[in-house]
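Please keep the structure in view while reading the points.

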Amino acid sequence: MLKRIMFTLMALCLCISFAGCGGDKKAEAPKSDAKPAAVTKKAEAAPAPANGKVLVAYFSWGGTTRKVAQTIQQKTGGDLFEIKTATPYPTDYHATIDIGKKEKADNARPKLAGTLPDMKQYDVILLGYPIWWYIEPMAVKTFVEAQDLSGKTILPFATSGGSGVEGSVDDLRKTLPNAKVKDGILLNSTGGLDGWLKDNGLGK
């Protein structure tokens, strides 16, 4: 009987001890139901062109050719350079086309602004411009004649209100007889751009 009473007392003491220890236990933070944030992948760089280092050089009057050139630069990973004249053309369309017509008639070479890129480091030059009087603006001639482009691959692209790119390509071939001037493309929209770049070993 005494043993039974002692056993009961010991059991009660043990229960009280466990209860005291449990009171000091810190509550666990609730687990979040939120899904882990998606990992943002870095933008994949355009693959290195099969033909070597690329320059995207362009002349733009109204901004259309500039937008196309920027798209091409993003797709190829090439360097981007804007051809600018020392004396800017007027903002008025009719005044500009009159100047362009006279420059063509005079076979002029408008002076360019700024420092030109060192063309020795480039193997492929994507050359963009609007069509002025059936060929490239004379400022583009100033640019391509400024340095020796012998052996370089030239890929012309143009924007136009109506004329095709063929006349400017023929003219560039006459201007650069020692360069590899490939067939150009008219890019009033960029619908055929990817295929053209791929055919020339560029882009994704």
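1. Terms and ground rules. Helices (H or I, at least four residues) and strands (E, at least two) are DSSP runs, numbered from the N terminus. The model is predicted: local features need pLDDT of at least 70, side-chain atom pairs count only at pLDDT 80 or more, and totals for chains, interfaces and linings use all residues. Residues are numbered from 1 along each chain as its sequence is written, and side-chain values use heavy atoms, with hydrogens and water left out.

2. Overall layout. The protein chain holds six helices and six strands. Along the sequence they follow the pattern α-β-α-β-α-β-α-β-α-β-β-α. Of the 204 residues in the protein chain, 35% are buried. Buried means under 20% relative accessible area, exposed over 50%, and partly exposed in between (1.4 Å probe, protein chains only). Contacts are heavy atoms within 4.5 Å. Among contacts in the protein chain with a separation of 6 or more, 80% join residues 24 or more positions apart.

3. Helix H2. Start with residues 64–76. This helix, H2, has 13 residues and reaches 19 Å from its first C-alpha to its last. That is close to the 18 Å expected at 1.5 Å a residue. The expected span is 1.5 Å times one less than the number of residues. Gly77 follows H2, and its phi is positive, near 75°.

4. Which residues of H2 are buried? They are Thr65, Val68, Ala69, Ile72 and Thr76. These residues lie on the same side of H2 because they cover an arc of only 100° around the axis. The arc is that of the directions from the helix axis to the C-beta atoms. On the other side of H2, Lys67 and Gln74 are exposed.

5. Thr159. This residue lies in strand S4. Thr159 counts as buried because its relative accessible area is 6%. Setting aside residues up to four places away in sequence, Thr159 touches Thr64, Thr65, Val68, Tyr129, Pro130, Ile131, Leu186, Leu187 and Asn188.

6. Helix H4. Residues 138–145 form H4, which is mostly covered: seven of its eight residues are buried. Those seven are Met138, Ala139, Val140, Lys141, Thr142, Phe143 and Val144. The buried residues of H4 pack against S1, S2, H3, S3 and helix H5 (166–175).

7. The largest pocket. About 460 Å³ of space lies in it. It has 20 lining residues, and the closest to its centre are Tyr93, Pro130, Ile131, Trp132 and Gly161. H2 and helix H3 (93–105) are the elements that give two or more residues to this lining. H3 provides the largest share, three residues. By class, the lining has eight nonpolar, twelve polar and no charged residues. Ala, Val, Leu, Ile, Met, Phe, Trp, Tyr, Cys and Pro count as nonpolar, Asp, Glu, Lys and Arg as charged, and the others, Gly among them, as polar.

8. How spaces are found. The search uses a 1 Å grid over the protein atoms alone. A cavity is a set of points where a 1.4 Å probe fits but cannot get out. A pocket is an open set with protein on both sides within 12 Å along at least five of seven lines. Lining residues have an atom within 4 Å of a point. Grid points are joined across faces, edges and corners, and a volume is the space filled by probe spheres set on the points.

9. The cavity. How many cavities of 30 Å³ or more does a search of the whole structure find? It finds one. The largest cavity has about 40 Å³ of space. Its lining is Gly100, Glu103, Lys104, Trp132, Trp133, Ile135, Glu136, Pro137 and Met138. By class, that makes five nonpolar, one polar and three charged residues. The largest share, three residues, comes from H3.

10. Two positive phi values. Asn107 is not a glycine, yet its phi is positive, about 50°. Asn107 sits in the loop between H3 and S3. With a relative accessible area of 48%, Asn107 is partly exposed. Trp133 is not a glycine either, and its phi is positive at about 55°. Trp133 lies in the loop between S3 and H4. At 33% relative accessibility, Trp133 is partly exposed.
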